[in-house]
Amino acid sequence: MEGLQGNLEALYSPGEVASQLNIQRQTVTKYARIFETEGFVFHKDEKGNRAYTDTNISMFRRVTDIKNKPGITLETAIKGVIPMYKKDSITPGVTEISTENEHHNGVTNEKLDMLMQALAEQQKLILEQNKKIDSLQEQLNEHRLDVKGRDTKLLEYIREHQKERKEEMVFIAQNEVAAAKQEDQKKSFLARLFGK
């Protein structure tokens, strides 16, 4: 019955109550039956299954604490607790709104409003951050294009420079070969001339 709402408070299944109180589910049912024999009325759905409010859980917790004292029976503990909670018993067809519940609902509504406002602010911040991220992504893409263009120009320059250097080296090599030939020719001419 999780999430089931009464007019004033959330309603919990016996299993959920047992889990909260760290007791057996059967113990919750046993408590409820004894309370009912004393005139206490719990919320029931159309199938007759009991559902418990936060007040009922508080009531059961108090019973558990009292019955753990030496010499106190379960029935005695429940009879001691009933006067404190009798006004919270649900009567069929009529639900009394206590000022405590009204205050609780007011506080809950205030907290809910605050949470909704905080959520709206968070969503606004997220939208702003998404716009900034999109803008940064565009700048990054433009930068990548600039870098790619620069790299392409740099590669073209390096290739052109290498080509020029290669041509220079070929020219120098050709000049050195020509100079060496001339030197050889000079030597051979002198050798012929002087017979050496």
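Is Arg165 buried, partly exposed or exposed, and what is its relative accessible area? Arg165 is partly exposed, at 41%, where buried means under 20% relative accessible area, exposed over 50%, and partly exposed in between (1.4 Å probe, protein chains only). The structure is a predicted model, in which local features need pLDDT of at least 70 and side-chain atom pairs count only at pLDDT 80 or more, while totals for chains, interfaces and linings use all residues. Residues are numbered from 1 along each chain as its sequence is written, and side-chain values use heavy atoms, with hydrogens and water left out.

The chain contains five helices and two strands, arranged along the sequence as α-α-β-β-α-α-α. Helices (H or I, at least four residues) and strands (E, at least two) are DSSP runs, numbered from the N terminus. Of the 196 residues, 18% count as buried. The chain exposes about 15,400 Å², of which carbon and sulfur atoms supply 54%; accessible areas come from the Shrake-Rupley method with a 1.4 Å probe, and for residues only the protein chains shown count as cover. Contact means heavy atoms within 4.5 Å. Among contacts between residues at least 6 apart in sequence, 58% join residues at least 24 apart.

In helix 1 (residues 14-21), the buried residues are Pro14, Glu16, Val17, Ala18 and Leu21. These pack against helix 2, strand 2 (50-51) and helix 3 (54-67). Asn22 follows helix 1 and is placed in the loop between helix 1 and helix 2. Asn22 has a positive phi of about 60° although it is not a glycine. Most residues other than glycine have a negative phi. Asn22 is exposed, with a relative accessible area of 72%.

Tyr31 lies in helix 2 (residues 25-37) and is buried, at 1% relative accessibility. Not counting residues up to four places away in sequence, Tyr31 touches Ile23, Phe60, Val63, Thr64, Lys67, Leu74 and Ile78. Tyr31 and Leu74 are 43 residues apart along the chain, and their C-alpha atoms are separated by 8.3 Å.

The structure holds four salt bridges, a salt bridge being a side-chain nitrogen of Lys or Arg within 4 Å of a carboxyl oxygen of Asp or Glu. In one of them, Glu36 pairs with Arg50, with the closest N and O atoms 2.9 Å apart. Glu36 lies in helix 2 and Arg50 in strand 2, so this pair ties together parts that are 14 residues apart in sequence. Arg50 is buried, at 16% relative accessible area, whereas Glu36 is partly exposed, at 24%. Glu36 also forms a salt bridge with Lys44, at 3.7 Å between the closest N and O atoms. Glu168 and Arg165 meet in a salt bridge of 3.5 Å, N to O. These two residues are three apart in helix 5, and are therefore separated by about one helical turn. Glu168 is partly exposed, at 40% relative accessibility. Salt bridges that share partners join Glu36, Lys44 and Arg50 into one network.

Patches are made of residues with over 30% relative accessible area and no salt bridge, with like charges joined within 9 Å and nonpolar side chains (Val, Leu, Ile, Met, Phe, Trp, Tyr) within 5 Å. Asp134, Glu138, Glu142 and Asp146 form a negative patch. Lys and Arg count as positive and Asp and Glu as negative, with His and the chain ends not counted; the place of a charge is taken as NZ of Lys, CZ of Arg, CG of Asp or CD of Glu. Leu154, Leu155, Tyr157 and Ile158 form a nonpolar patch, with about 390 Å² of accessible area together.
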